Amino acid sequence: MEGEPKKMFQYWRLYLLTLVLGIGGSFQYGMQVSIIASPAEHVQSFVNQTWLERYEVPVKESTNQLIWSFVVSVFSLGAWMGSIHSGSLPVKHGRKKALLFNNVVALVGAVLMLFSRMAKSFEMILLGRFLYGYNAGLGLSVHLMYLGESSPKKLRGFLTLTSSIFIGMGKLVGQLIGIKELMGTEDMWPYLLAVSGIPAILQFVALLYFPETPRYLYIDKYDTEGSRKALQWLWQEDNLKVELDDMHRERENAKGEKAKTVMDVLRSRCVRWQLLALVIPCAGVQLCGINALYFYAFDIFREAGVAENKMHYLSIGLGATELTTVAICSLMIDRAGRKMLMGYGYLLMGITMSVLTVMLSIKDLYSWIPYVNIGLIFFVICIYGLGPSGVSMALPADLFLQAWRPSAYVISGTVNWIGLFLVGMFFPYIVDGLGQFCFLIFVVYCVFSAAFMLYFIPETKGKTMVEIMEDFNKLNFKNRASDTDKADFVLATVF
């Protein structure tokens, strides 16, 4: 037992890599999701002023609102484009070079934001948001690939889940620096929007000192010695036989095979249940109602008598709650397992949102009900952080072997970002039409995802990639056991 902490400390370089990947990866996504709310008033004022100087008439309110809506939503379109490229750039050029390029994209976006007011161009803000979205879409996928392919199986769940911790950190930092006491002012908003350039610079410089992922070197590049050196450097371990044997099995099965495309993933029977597990509970996490809760929270805060100038601090409390619970989840995931945390997490979210819907319907009966509703919101966010939020990032890294992984992440990113775009665009109209009953839509999704995880998906904790594949074969070829051995399993990406 005394040697266990020492043995874990030997991975300090891997932990440092995790920090570097997080700062320039999922942290950027979390920060961009939250930071855009603070300068809304100032950016709309800038659009009006620019329009007036160009056309000598004030911009119509509807036009200004449309431009602002596009500023917000174009981020999702850029992220979708980035996730599409996550299926090709990391394969052709490697995970490391893909991230280095991605940081350049973020820097260009930051420069556009910084000089948009000086250039009197709101179009630069639109383009900057699109580039930030591209950076988040590509960075999030490659971040997860990099961690999953560099981690030992005993740490894979914990380390891949740190991507959710960095998303929570990004949201919290975005909320904090966006308050009026810091950068949420008329003079500072261009600098606030350009702040994503700082993590991009940090990751670009730091990543130069780290190796390419060992699995990419061994399986895709056939560089056995380079892979061994990368593993020894990251893990500080000489006995690598188990890991090298596992990669060797994948590489041997991959000889002469073609790279798998998105259509291959969609059509192939041998990854059908992995794809369902990727799309329904993981990529579709946007449909669990968490963003809707953040949206609806301000109305509930008002009903409880919270002053308008204090709302922002309560939202910071929500962000801190999510970050704390995701951090706790990272400590539990390799003990409790992905299946239990996500399955029961979704189930509890569905039950709690059902109760919240009832309490919102009777909010005027008693004066204490709005305070109960605030507690229910915090409780849902706690459950989300302990289960679906973290596991939705960790589980995809377990589901697919080397050849399928990049194209699988394209599908995951597409569902995720389109889901975010649709929720952002249509949720306000759903609220207007259904009121508090809008949560029932998300209740259905949560209950369905919980049943799917608990009844169909095998546990992946503590298993190698090949062992996980064998578990899923029992589902993919349930009635054709003999085909399991004949299936076209491609384990590397070859161009």
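# Close-up views: legends

**F421, at 23% relative accessibility, counts as partly exposed.** Here buried denotes a relative accessible area under 20%, exposed one over 50%, and partly exposed a value in between, computed with a 1.4 Å probe on protein chains only. The model is predicted, so local features require a pLDDT of at least 70 and side-chain atom pairs count only at pLDDT 80 or more, whereas totals for chains, interfaces and linings use all residues. Residues are numbered from 1 along each chain as its sequence is written, and side-chain values use heavy atoms, with hydrogens and water left out. F421 belongs to helix α22 (residues 405–434); helices (H or I, at least four residues) and strands (E, at least two) are DSSP runs numbered from the N terminus. Neighbours within four places in sequence aside, F421 contacts S73, S76 and L77, a contact being heavy atoms within 4.5 Å. The C-alpha atom of F421 lies 9.3 Å from that of V72, although 349 residues separate the two along the chain.

S76 is buried, its relative accessible area being 7%. A separation of 27 Å lies between the C-alpha atoms of S76 and L17, which are 59 residues apart along the chain.

**Helix α5 (residues 61–85) packs against α8 at an angle of about 35°.** The two axes are 6 Å apart; axes are lines fitted to C-alpha atoms, for helices over the stretch in contact, and angles run from 0 to 180 degrees between N-to-C directions. The crossing of α5 past α8 is right-handed. A crossing has this hand if the near helix is turned clockwise from the far one by less than a right angle, and is left-handed if the turn is anticlockwise. By class, the contact of α5 with α8 comprises 17 nonpolar, 6 polar and 1 charged residues. In this classification Ala, Val, Leu, Ile, Met, Phe, Trp, Tyr, Cys and Pro are nonpolar, Asp, Glu, Lys and Arg are charged, and the others, Gly among them, are polar.

**Helix α11 (residues 197–207) has G197, P199, A200, Q203 and L207 as its buried residues.** These residues lie on the same side of α11, because they cover an arc of only 160° around the axis. The arc is that of the directions from the helix axis to the C-beta atoms. On the face of α11 turned away from this buried side are the exposed residues I198 and L202. The packing partners of the buried residues of α11 are α2 (12–24), α3 (26–35), α7 (95–119) and α8 (122–150).

**Helices α2 and α11 cross at roughly 145°.** Their axes come within 8 Å, and α2 passes α11 in a left-handed crossing. From α2, L17, V20, L21, I23 and G24 take part in the contact, and from α11, P199, L202, Q203, A206 and L207. The contact of α2 with α11 has 8 nonpolar and 2 polar residues, with no charged ones.

**C288 and F439 touch the most other members of the largest nonpolar core, which has 76 residues.** Helix α20 (residues 369–386) supplies the largest share of this core, 9 residues. A nonpolar core is a set of buried Ala, Val, Leu, Ile, Met, Phe, Trp, Tyr and Cys residues joined through side-chain atoms within 4.5 Å. Beyond its neighbours within four places in sequence, C288 is in contact with Y346, M349, M353, Y384, F442, Y445 and C446.

**L399 lies in helix α21 (residues 388–399).** At 4% relative accessibility, L399 is buried. The residues that L399 touches, not counting those up to four places away in sequence, are Q274, A277, L278 and F472.

**E243 is located in helix α14 (residues 241–254).** With a relative accessible area of 15%, E243 is buried. Residues up to four places away in sequence excluded, E243 touches R215, L231 and W235.

**E56 and Q236 are loop residues with positive phi values.** Phi of E56, which is not a glycine, is near 60°. E56 sits in the loop between α4 (40–55) and α5 and is exposed, with a relative accessible area of 68%. Q236, also not a glycine, has a phi of about 55°. The loop holding Q236 runs between α13 (224–235) and α14; Q236 is partly exposed at a relative accessible area of 36%.
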